[in-house]
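Visitor: I have not seen this structure before. Please show me how to read some of its features.

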Amino acid sequence: MSVGGSLGKIAGSPNTPLERPMLRLLSLLPLLTLGACSLLPPTMPPPVQRDPHSYADPTQFSTEHLALDLRVDFGKRVLEGVAELRLQRHDVAAQTLVLDTRDLDIVSVEAGRGGRYAKTAWRLAPRDPILGSALAISMPANTDRVRVRYTTRPDASGLQWLTPAQTADKKHPFLYSQSQAIHARSWIPLQDTPAVRFTYEARVRTPKSLLAVMSAENDTKAQHNGEYRFRMPQRIPSYLMAIAVGDLEFRAIGPRTGVYAERSVVRAAAKEFEDTERMMERSEAIYGPYRWGRYDILILPPSFPYGGMENPRLTFASPTVIAGDKSLVSLVAHELAHSWSGNLVTNAVWDDFWLNEGFTNHLTFRIMEEIYGADRAAQERALGANDLKDTLAKIRVPGDRTLSPRLAGRDPDDNVGDVPYERGALFLAYLESKFGRAEFDAFLRKWFDSRAFQSARTADFVAFLDAELLSKRPGVVSAAKVREWIYSPQMPADTVWPVSDAFDRVDAQREGWLKGHISTAQLDTKTWSTRQWQYFFDKLPTGLSQEQLIDLDDRFNLTRSRNPVLASRWYRAALANDYSPVYPVIDGYLRRIGRMLLIRPIYQELARTEDGRAFARDIFAETRAGYHPIAQDAIAKILDLPATASP
Ligand code: BES
Ligand code: ZN
């Protein structure tokens, strides 16, 4: 237990007098995070709303710069090193700096000013299952720096340590991080809130043959010598801290773009993503200059739990996006778009997640339309809207159907669903339809420019929208309508639901086939895109006969599909219809792939029946250790198994 361990250390620490005020402070922390303001006397001004997912108090100290010195130990599966934080002291009277940690072993803590450091008292609070442990550090007068020596744990929630067998080339181990939403604290002690931004530098030591990369300036020609240095000159929030270490090669795509991947993957990746430079140019033309220098893409091993993660300068991507035909490159458009929506202007708390993802989804559709045309963009939009309709029907907490959920006391990862992404994008599409594309593009550009390198709340956006569009063009959209979009659990009646001719043709084929007017052999699918197929599967009803399923499968070889997204959607539809020939292939799929969007629906469908659940539990028992910690917990929940035991 971290509690016992830290108490042991405190006992031996020199500054015991500080223990009491610290204890008092720490006992207050849970109250603060639960919004204890109603307990305060009415004369006190309401406190600035704190991020309920961080123990840090940025009104006392805020991080300006982080210097990391890490050694990557694949044998022990730990990072070991030092994090030095340079702080801005906003409150001269502040005596305690509180950092976020989760499962870190703290070795020593020093506080200082300028280059001079001295040991200082510290205390690690008991571990909260969602938030981790507050690390309270005594800050003598005038100090504005701390240096924390620490090691991570092998099961750090934000890191995945892979054996050679779990990589593409099977020869070397691999490590990667996933910090969003609140996992940076499991590998760095810091103020883990998107309301705080800082620059960083790092030195990373690895086994000699491996390459380390970070969400920072990477030297694309780095010698693989086991020591790497990074510099991130733009201020970023903690959830964009990222590192990966593996047997990686680099291949340029264009002057500012390239891919990092294992040797056997790098060529296919460069080909798949060859349009990236053009995507950047189109995005810049609409939303203003790309402010991060290079844009590279790192292809991770297949256990990566997301499709992509917008780590600045270096998007992390699942290899499941490399379909061979660019059919899934909207993911690159999406992660690239985050360079404006999210990385440049950041949700200040996770309740405002739609400011990141809804905006990014809107930008994705815009970029896809610019590069691949209106028809393809319409398909992407329609799929998203479709998913949203299904999701809304299933959500029980009304607030979770809105763009302003209350996530205090909950894990922000649980809000990663269609509502912030799709409802958010539909809201912006609605505004675009009312004000016109040119005007709305310019409006968004101004939002990014005026808030660049800052964090924003939903209320900031509402005020900006009012000042820059609503009141300049009165009578077009009312303030009440904006409130409805953001705060009402119902979708507004005048939502502009996207339509796609290509999908209408799929509907016609599917309907004809279901009614028996069109035989399986007659289904006209020759020109169908991946997204049309996806739509075909998504709208397959339950209650199909085994014959119908066998026919479909035989004719189109569906169970053997090599497109990971199509495979997942087909498996789901097949399982919903109790079509058992997919079982053996699903077995392999679930062992190979850890991307949650793809495997979660399969596990959910399996969990529906007793046989399916037993089958799924057997697979999970064996594959669990191969999944990322975040995915492990998500799947355990679906299968009604306990979450990963905490240390
Ligand atoms: N930032 C997200 C991934 C994320 C969100 C990680 C919340 C952890 C917490 C990323 O930009 C994203 O949205 N990825 C999507 C792909 C996208 C095309 C919808 C994904 O991984 O599925
Ligand atoms: Zn995103």
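Visitor: Where is Ala181 found?

Guide: Helices (H or I, at least four residues) and strands (E, at least two) are DSSP runs, numbered from the N terminus. Ala181 lies in the loop between β10 (174-177) and β11 (197-205). This is a predicted model: local features need pLDDT of at least 70, side-chain atom pairs count only at pLDDT 80 or more, and totals for chains, interfaces and linings use all residues. Residues are numbered from 1 along each chain as its sequence is written, chains are lettered from A and ligands numbered from 1 in the order in which they are written, and side-chain values use heavy atoms, leaving out hydrogens and water.

Visitor: What kind of peptide bond joins Gln180 and Ala181?

Guide: Most residues other than glycine have a negative phi, and most peptide bonds are trans. The bond between Gln180 and Ala181 is cis, with omega about 0°. Lys170, not a glycine, has a positive phi of about 65°; its place is the loop between β9 (159-162) and β10.

Visitor: Which residues supply the protein donors of the zinc ion (ligand 2)?

Guide: Donors are N, O and S atoms within 2.8 Å of the metal (3.2 Å for Na, K and Ca); water is not among the atoms, so sites may look incomplete. Here the protein donors are His334 (NE2), His338 (NE2), Glu357 (OE) and Glu357 (OE), 2.0 to 2.7 Å from the zinc ion (ligand 2). The pair His334, in helix α5 (residues 330-337), and Glu357, in helix α6 (residues 353-372), links distant parts of the chain, 23 residues apart.

Visitor: Is Glu357 buried or exposed?

Guide: Buried means under 20% relative accessible area, exposed over 50%, partly exposed in between (1.4 Å probe, protein chains only). Glu357 is buried at 2%, and His334 is buried at 11%.

Visitor: How many residues of helix α13 (residues 530-538) are buried?

Guide: 9 of the 9 are buried, so helix α13 is largely enclosed by the rest of the structure. Among them are Trp533, Tyr535 and Phe536. The cover includes α5, α7 (374-394), α12 (501-514), α14 (546-556) and α15 (564-576), where contact means heavy atoms within 4.5 Å.

Visitor: At what angle do helix α4 (residues 276-287) and helix α9 (residues 437-450) pack?

Guide: Axes are lines fitted to C-alpha atoms, for helices over the stretch in contact, and angles run from 0 to 180 degrees between N-to-C directions. Helices α4 and α9 pack at about 90°, with their axes 8 Å apart. Glu284, Ala285, Ile286 and Tyr287 in α4 meet Asp441, Leu444, Arg445 and Phe448 in α9.
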